[in-house]
Amino acid sequence: ASFQVNPTAPNAQNLLGTTENQYDIYYGIVWGTRMAFKVGLSVVFFALLIGIIIGGAAGFFGSWIDEILMRFTDIVFAVPSMVLAMVIAAMLGPDLKNMMIAITIVSWPSYARLIRGDVMSVKEREFVSATKALGASKRRIFLRHILPNAIYPVVIVASLDIGYIVLTAASLSFLGLGSQTGTADWGQLVALSRNWILGTHGNSFEYWYTLVMPGGALLLFVLAWNMLGDAFRDILDPRT
């Protein structure tokens, strides 16, 4: 029969204490940081790539292509992103790769809408008309002249989204729809604190570290990316 071992408070051997069944919180946070970077950067890269392809094509070609691509984008937007991510993750099964696929699927529509609007704005400018008059191909016009001048706003938004994506991944892991059990993951560390949040009858804060330590790491990670995204906005936004 299985049994449950109570968490232990921070000490010389376990700097941040342990969760139930003696999982070391310090090492969980360290290795969870590695996973957070992997999930955040990978999901943003692929979601941004899909968004640029779909939104760029819709904005550049317009007409029926724009209608089809944007109505498809609206369909994805119609479902709450967290609910859709949960459904996809549940269908694919608990695995890190499947969780990343689920979050990517719900993340790209916002980038597609943003890049579409910027492409439609840039393609009407005089330097694009001059390039067309010189006989440049559509591919060259889009890749060399339109995309470089339209991509900055969506890159800024993507940098701000990394923290949110990691938060979504932690939420899925907390619900058992993320990485496999036993993986060093902040969401799983928080999930292991569920039985100990209320403490004991005499001391409600006896096991505070089981929640505060992994939750604090998640909070600082998201906060840091938000601040970094603000810095990217100041650097890349030509209006400032």
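Predicted model: local features only at pLDDT ≥ 70, side-chain atom pairs only at ≥ 80, totals over all residues.

User: What are Phe-60 and Phe-61 doing as a pair?
Analyst: Their ring centres are 5.1 Å apart and the planes sit at 80 degrees, so the pair is edge-to-face.

User: And is Phe-60 buried or exposed?
Analyst: Phe-60 counts as buried, because its relative accessibility is 15% and the cut-off for buried is under 20%. Phe-61 has 45% relative accessibility, so Phe-61 counts as partly exposed.

User: How about Trp-186 and Phe-221, how far apart are the ring centres?
Analyst: The centres are 5.5 Å apart, with the planes at 75 degrees, so Trp-186 and Phe-221 are edge-to-face. That pair links distant parts of the chain: Trp-186 belongs to helix H8 (residues 186–191) and Phe-221 to helix H9 (residues 209–236), 35 residues apart.

User: Where do those two stand on burial?
Analyst: Trp-186 is buried, with a relative accessible area of 5%. Phe-221 counts as buried at 8% relative accessibility.

User: Which residues do ring pairs link into a cluster with Trp-186?
Analyst: Phe-37, Phe-221 and Trp-225 are linked with Trp-186 into a cluster by ring pairs.

User: Switching to the fold. How many helices and strands?
Analyst: Nine helices and zero strands, so the globule rule is worth a look next: for 240 residues the rule gives 18 Å, while the radius of gyration is 22 Å, well over that, so the chain is more spread out than a compact globule.

User: What does the C-alpha trace span along its principal axes?
Analyst: About 80 × 40 × 25 Å.

User: How much of the chain counts as buried?
Analyst: 42% of the 240 residues count as buried. The accessible surface comes to about 13,400 Å², and 65% of that belongs to carbon and sulfur atoms.

User: And contacts, what share join residues at least 24 apart?
Analyst: 69%, taken among contacts between residues at least 6 apart in sequence.

User: Last one: how far apart are the mean positions of the positive and negative charges?
Analyst: They are 12 Å apart, with 16 positive and 15 negative charges in the chain.

Conventions. Residues numbered from 1 in each chain as written. Heavy atoms only, no water. Helix = DSSP H or I, 4+ residues; strand = E, 2+ residues; numbered from the N terminus. Rg over C-alpha atoms; globule rule 2.2 N^0.38 Å. Buried < 20%, exposed > 50% of the residue type's maximum accessible area, 1.4 Å probe, protein only. Contact = heavy atoms within 4.5 Å. Areas by Shrake-Rupley, 256 points an atom, 1.4 Å probe, with all protein chains shown as cover. Lys, Arg positive; Asp, Glu negative; His and termini not counted. Charge placed at Lys NZ, Arg CZ, Asp CG, Glu CD. Phe/Tyr/Trp six-rings, centres within 6.5 Å; stacked < 30°, edge-to-face > 60°.
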